[in-house]
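These are my notebook entries on one chain. I set down what I looked up, entry by entry.

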Amino acid sequence: MLERRLHAAFDHVACDVLGEARPGAWSSSPSAHAAQALFREAAVAGDVARIRNLYDDFRAVLTKAGATARAQVIAWGDDALAGAEYDLLQSAFRDDIGLTAQLVAPDPARAAALKFAIPALMDRLGAVLPLWQQEFTALVAQIHLAETSEGRFGGASAFAAWGAILVNPKAQADDLALLLTLIHESSHLKLFSAYVDDEIVLNDPDEGYSSPLRHEPRPMNGIYHAAFVLARMICFLDDLRSSGRVTEVLGRLPEGAIEAVLESSVERFRAAHEVIRDHGRLTPLGRTIIDEAAAGVAAADQARASA
């Protein structure tokens, strides 16, 4: 569905706005999605000259043949992508508080290790929890390994870079941290898909509320995302723990490692859910999604308490 809409938008830009002939095919890459976000900004501003410049600058990206592999692990700056693609992805990943404003290539040794570790980890996950692995692969086309000078982020995702996630190699202390980063960021992509036809959260984006994941106040939309992602991580860890095959996926962990993450995540979900319940103005779909998330957390927490 997203691909069809993306290509229809490119048809409109090329043929209707710029009077160009339609190329043979359009790309559906994360970089192409990032280009569409810039087209949208220019269109809202009524800046046709800007649209023309963007189209000319990124024409090769818009028509680049897509990779067949999913969950491709790419070190930032690798020649797997062209420079223009990195420019587009940087524009899409630039966040509101500067954590990902200036992405740089990761340490080569860390990148090489993760290029091996991530596919191997997902293969092991597929043997134990195939539905989680299959969903991850369906959601994620590219995993970008990137760092910043400050190195303060663990991972990131953006609707404007649909299909791509960022992973900071510096922040992945072990396979558990890495796997949770992958589940966390892919969960954002899953929720982004609900926003295609629905606003989900109706609160004013300029209103700030207490957040369980950041010290500074956040818009309700950010807290909603945090709650959804926490719920997904809780349900994932509960499924993994309940499988009785944790060591097959993650090796031998310190005693109580998963239980500690579950306890902390449930506490933070409840804090976020309370803010949403008291102050959130949601569409019917937004209410359904968060209610289902809360039910999943309650079931996982009950299972944890009775284990």
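I take contact to mean heavy atoms within 4.5 Å. Helices (H or I, at least four residues) and strands (E, at least two) are DSSP runs, numbered from the N terminus. I call a residue buried under 20% relative accessible area, exposed over 50% and partly exposed in between, with a 1.4 Å probe and protein chains only.

The model is predicted: local features need pLDDT of at least 70, side-chain atom pairs count only at pLDDT 80 or more, and totals for chains, interfaces and linings use all residues. Residues are numbered from 1 along each chain as its sequence is written, and side-chain values use heavy atoms, with hydrogens and water left out.

**Entry 1**

Four strands make an open sheet, ordered 1-2-4-3, with mixed pairing; two strands pair if DSSP finds at least two bridges between them. At the edges I found strand 1 (72–75) and strand 3 (155–157), each of which pairs on one side only. Neighbouring strands are turned against each other by 25° on average, direction ignored. For this angle, axes are lines fitted to C-alpha atoms, for helices over the stretch in contact, and angles run from 0 to 180 degrees between N-to-C directions.

I then went through the pairings. Strand 1 and strand 2 are parallel and share four bridges; Val73 has Ile143 in strand 2 as its bridge partner. Strand 2 and strand 4 also run parallel, joined by four bridges, and His144 stands opposite Leu166 in strand 4. Strand 3 and strand 4 (residues 164–167) are antiparallel, with three bridges. There, Ala156 has Leu166 in strand 4 as its bridge partner.

Which way do the side chains of strand 2 (residues 142–145) point? Gln142 and His144 point one way, Ile143 and Leu145 the other, and all are buried. I note the general rule that in a regular strand the side chains alternate between the two faces of the sheet.

**Entry 1: helix 4 and its cover**

I listed the buried residues of helix 4: Glu85, Tyr86, Leu88, Leu89, Gln90, Ala92 and Phe93. What covers them? The cover includes helix 2, helix 3 (48–62) and strands 1, 2, 3 and 4.

**Entry 2: aromatic pairs**

I found five aromatic pairs in the structure. Rings of Phe, Tyr and Trp (its six-membered ring) pair if their centres lie within 6.5 Å; planes under 30 degrees apart count as stacked, over 60 as edge-to-face and the rest as tilted.

Phe10 and Phe39 are an edge-to-face pair, 6.2 Å centre to centre with 75° between the planes. Phe10 lies in helix 1 (residues 2–17) and Phe39 in helix 2 (residues 30–44), 29 residues apart, and the pair links these distant parts of the chain. Both Phe10 and Phe39 are buried. The ring centres of Trp76 and Tyr86 are 5.0 Å apart and the planes stand at 65°, so this pair is edge-to-face. Since Trp76 lies in the loop between strand 1 and helix 4 (83–93) and Tyr86 in helix 4, the pair ties together parts ten residues apart in sequence. Trp76 and Tyr86 are both buried.

I also traced a cluster in which ring pairs link Phe10, Trp26 and Phe39.

**Entry 3: helix 8 against helix 11**

The axes of helix 8 (residues 220–243) and helix 11 (residues 284–306) come within 9 Å and cross at roughly 35°. From helix 8, the residues that meet helix 11 include Tyr224, Phe228, Ile234 and Arg241; their counterparts in helix 11 include Leu285, Ile289, Val297 and Arg304. I sorted the contact residues into 13 nonpolar, two polar and three charged. In this sorting Ala, Val, Leu, Ile, Met, Phe, Trp, Tyr, Cys and Pro count as nonpolar, Asp, Glu, Lys and Arg as charged, and the others, Gly among them, as polar.

**Entry 4: single residues**

I looked up Thr181, which lies in helix 7 (residues 175–192). Its relative accessibility is 13%, so Thr181 counts as buried. Leaving out residues up to four places away in sequence, Thr181 touches Gly154, Gly155, Val167 and Gln172.

Most residues other than glycine have a negative phi. Ala71, not a glycine, has a positive phi of about 50°; Ala71 is placed in the loop between helix 3 and strand 1. Ala71 has 18% relative accessibility and therefore counts as buried. Ile200, also not a glycine, has a positive phi of about 65° and lies in the loop between helix 7 and helix 8. At 0% relative accessibility, Ile200 counts as buried.
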